[in-house]
Amino acid sequence: FLLVTLLLFLPHAQNVAAGWEWTDFLSSTTTTTTTTTTTTTLSLEEISQLRVRELKRRLARSYGYSADELGRMLDKKDLISALWQEESRIQQKQTAEWQRF
């Protein structure tokens with residue numbers, strides 16, 4: 001019985017451990033109302049001050065980068081560039097939505 005229980009719940013243990021981290025609350029603020037969702041993005045200066053580990057974590061969690069993609073980015077400049085591109089894409093979408101109104 002114990003073996004069956006472990007086999008059923010063991011694959012789900014990783015999801016529990018990767019739930020959230022306190023840096024998620026410090027680096028991104030999401031305000032949700034009934035009509036609109038506003039997400040504040042990081043500026044280039046804020047991005048460049050992040051550690052490599054924080055850059056990788058944000059790219060993986062917020063933008064779906066795989067471990068292989070992050071492993072190919074050997075330099076911190078590559079990580080900063082990738083995160084800046086993703087953040088600027090969100091800023092452009094928000095600006096376009098704002099201009100429609």
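Let me start with Ala 67, which counts as exposed because its relative accessibility is 67%, where exposed means over 50% relative accessible area, buried under 20%, and partly exposed in between, with a 1.4 Å probe and protein chains only. The C-alpha atom of Ala 67 is separated by 8.8 Å from that of Lys 56, eleven residues apart along the chain.

Before going on, a word about the source: this is a predicted model, in which local features need pLDDT of at least 70 and side-chain atom pairs count only at pLDDT 80 or more, while totals for chains, interfaces and linings use all residues. Residues are numbered from 1 along each chain as its sequence is written, and side-chain values use heavy atoms, with hydrogens and water left out.

Which residues of the largest nonpolar core touch the most other members? Of its 13 residues, they are Ile 47, Leu 55, Leu 59, Tyr 65, Leu 79 and Leu 83, a nonpolar core being a set of buried Ala, Val, Leu, Ile, Met, Phe, Trp, Tyr and Cys residues joined through side-chain atoms within 4.5 Å. Helices α5 (52-63) and α7 (76-100) each supply at least two residues of this core, and α7 gives the most, with four. Leu 59, if we leave aside neighbours within four places in sequence, is in contact (heavy atoms within 4.5 Å) with residues including Tyr 65, Leu 79, Leu 83 and Glu 86.

Turning to charged pairs, the count comes to two salt bridges, each defined as a side-chain nitrogen of Lys or Arg within 4 Å of a carboxyl oxygen of Asp or Glu. In one of them, Arg 58 pairs with Glu 87, with the closest N and O atoms 3.1 Å apart; since Arg 58 lies in helix α5 and Glu 87 in helix α7, the pair ties together parts that are 29 residues apart in sequence. Both Arg 58 and Glu 87 are buried. Glu 86 and Arg 89 also meet in a salt bridge, at 3.2 Å from N to O, and because they are three residues apart in helix α7, they are separated by about one helical turn. Here Glu 86 counts as buried at 12% relative accessibility, whereas Arg 89, at 43%, counts as partly exposed.

Finally, Thr 41 sits in the loop between β2 (37-39) and α4 (44-48), and Thr 41 counts as buried because its relative accessibility is 18%. Not counting residues up to four places away in sequence, Thr 41 touches Glu 46, Glu 87, Ile 90 and Gln 91.
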